[in-house]
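This report describes how one protein chain is packed.

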Amino acid sequence: MTAESTILNESKPASAAPEHDASVIAKGALVNFLGTLAKVIKSTTFILLTRYFGAEVFGLYILAWSLVDLAAKIGNLALDKGILKFVVVYRSDNDDESVYRTLGHSLAIGVTLSVLITLLLSALAPTLAERVFDKPQLTSMFYALALTVPFLTFTHIVLGAIKSLKIMKFDAYIKSIAEPIFLFSGAAACFIIGWHFNGIAIAHLLSAIGGAILSIAAFGHFYSWRQCLNGMKHLRLWTELTKFSLPVMGYEFMYILMMRLDAIMVGYFLPAMQVGIYAVAIEIALTTKKVRQWFDPIFTPIISELNHHGDIDRLGHNFALVTRWILTINLAFVFSIILIGEDLLSLFGSEFAVGFACLVVLSLSQVLYASMGSGDTLLIMSGHPYLNLLNTAIVVAMNFGLNLVLIPRFGMIGAAMGTLVSFATLSLIRVIEVYRIQKIHPFRAGLLKPCVAGLMSFGITWMVSQWLPESGLWRALPQVLIYLGIYVGLLRVFGLENEERLVLDQIGRKIRQIRHSKQDGGLSIAN
């Protein structure tokens, strides 16, 4: 047996008691959380970019990237999601040949399709820049960003294979740490060289190339590249993998369109500077989306496994658990944003403070969507990807219509309101469908605790803040610390659920083990 096969066999999902699911989910989420902390580098990069390149250049970059990111979803074909579904099942059945056939076909189809997407984007760049958006400067940015598509597709597929082993750390290392560092370094170098217009787009390309190179090395720790190449033999385009991935790709395309549509339409109706201000508000608001991303990579293979074994009761319990944890964290974020959002926006430049109202509305929409958003993963992994696609298409059409009416009349805040209404509608639709199909829902009495604790903490903090300085760091930082302290304290007073106590006990035992091992090591050295 090869080393790669041994790793595959050792990593096969084992049957676990329901109470252990919380530990698995919490551990995977913690790894992804640490990776998200590293994304502060990306936010810092955006602050520097807006300070030095200006809101207008940054707005043009965001507009170009929004369109390229949409096209990249077609190149990816959601093959990373197909890997998460099928590789988990094949490993459960000890079918390594099917594992490598799936990986080989995914890489061959994904890379080929993404190269075609790059060529198409490059051909359309002048038309999009000059005729659609009436911003000729966009053309060169389109050229640079279009080249990122094959590298991003390759990285997503490779990391999807690693995540199918329930190993999250490499996704965090590469996507959350390495790529933001490459983006930061590349942007700084371009600015020093004097590439003050296309420097951001070039840095983005360098970041995508660096991530792809690192993913090659990471993949080799768990799989055989030679067997993947063998798996490309007898390549067929229409298989179980592509049948599953095609509607998921359609959904992901619609999802990115839904997430980017408001920025694109702001770019169509309003000047580039307002696109930059609105884009920064989106970037901050999307922090709540990252909270869901802590849980989705580890929750997705668990959903696939439990669906495969028909354990619906346990699936419903985990659905409610993940929803409660995401909502608890996101409420801490959104109330903090309401307290200090204006000061936070000012870090990007004084002109960005006018986006505060947009930031609050967008943050509320993201909290609602992220907290109730696991329903889309449940629909996909339970065999209803087309239903998920239809839901998103309906909401995208609704969002387009709202933006068409609201942006010309109300400007940026109109786009934010359209997003809030659209996301609320989509979240409600998914919850209803999951209940009708699976007979499970995320609503438990425990959801009330973070909601009440969040509102009470916000009210108390707001009253205390009247005695703080009017603005600046000396007002913002104490507000957040006071709010979080009261919020955590109230959650403890209201009482933790069994899963929280279990996870905290395990963390405590781990800390004690580390402390004892250090003490034992010190004694050994002394002896």
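Which residues does Tyr 278 touch, not counting residues up to four places away in sequence? In this predicted model, Tyr 278 touches Asp 262, Ala 263 and Val 266, then Cys 358 and Leu 362, and finally Met 412, Ala 415, Ala 416 and Thr 419. Tyr 278 belongs to the largest nonpolar core, which has 110 residues. Together with Tyr 61, Leu 103 and Tyr 223, Tyr 278 touches the most other members of that core. Helix α12 (residues 240–269) supplies the largest share of the core, 15 residues. There is also a second, separate core of 16 residues, with Leu 327, Val 367, Leu 447 and Val 480 among its members.

**Overall composition**

The protein has 22 helices and 0 strands. Of its 527 residues, 55% are buried. Among contacts with a separation of 6 or more, 84% are between residues 24 or more positions apart.

**Two helix pairs**

Two packed helices are described by the angle between their axes and the distance between the axes. The table gives these values for two pairs.

| Helix pair | Angle between axes | Distance between axes |
|---|---|---|
| α5 (residues 79–92) and α6 (residues 96–132) | about 170 degrees | 9 Å |
| α4 (residues 55–76) and α13 (residues 272–285) | roughly 75 degrees | within 7 Å |

Helices α5 and α6 pack at an angle of about 170 degrees, so α5 is roughly antiparallel to α6. On the α5 side, the residues in contact are Leu 79, Ile 83, Val 87, Tyr 90 and Arg 91. They meet Ser 98, Val 99, Thr 102, Leu 103, Ser 106, Ile 109 and Gly 110 of α6. By class, this contact has 7 nonpolar, 4 polar and 1 charged residues. Leu 103, part of this contact, is also one of the core residues that touch the most other members.

The axes of α4 and α13 cross at roughly 75 degrees, so α4 is roughly perpendicular to α13. From α4, the contact takes in Ala 55, Glu 56, Phe 58, Gly 59, Leu 60 and Ile 62. Their partners in α13 are Ala 272, Met 273, Val 275, Gly 276, Ala 279 and Val 280. The residues of this contact divide into 9 nonpolar, 2 polar and 1 charged.

**A mostly covered helix**

Helix α16 (residues 356–371) has 16 residues and reaches 22 Å from its first C-alpha to its last, close to the 22 Å expected. Of the 16 residues in α16, 12 are buried. The buried residues include Cys 358 and Leu 362, both of which are touched by Tyr 278. Val 367 of α16 is buried as well and is a member of the second core.

Ser 427 lies in helix α19 (residues 412–438). Ser 427 counts as buried because its relative accessibility is 4%, and the cut-off is under 20%. Leaving aside neighbours within four places in sequence, Ser 427 is in contact with Leu 368, Tyr 369 and Met 372.

Ala 187 is in helix α9 (residues 169–193). Its relative accessibility is 5%, so Ala 187 also counts as buried. Ser 207 is 20 residues from Ala 187 along the chain, and their C-alpha atoms are separated by 9.9 Å.

Terms used
Residues numbered from 1 in each chain as written. Predicted model: local features only at pLDDT ≥ 70, side-chain atom pairs only at ≥ 80, totals over all residues. Heavy atoms only, no water. Axes fitted to C-alpha atoms, helices over the stretch in contact; angles between N-to-C directions. Helix = DSSP H or I, 4+ residues; strand = E, 2+ residues; numbered from the N terminus. Parallel < 35°, antiparallel > 145°, perpendicular 65-115°, else oblique. Contact = heavy atoms within 4.5 Å. Nonpolar A, V, L, I, M, F, W, Y, C, P; charged D, E, K, R; others polar. Expected span 1.5 Å × (residues − 1). Buried < 20%, exposed > 50% of the residue type's maximum accessible area, 1.4 Å probe, protein only. Core = buried A, V, L, I, M, F, W, Y, C linked by side-chain atoms within 4.5 Å.
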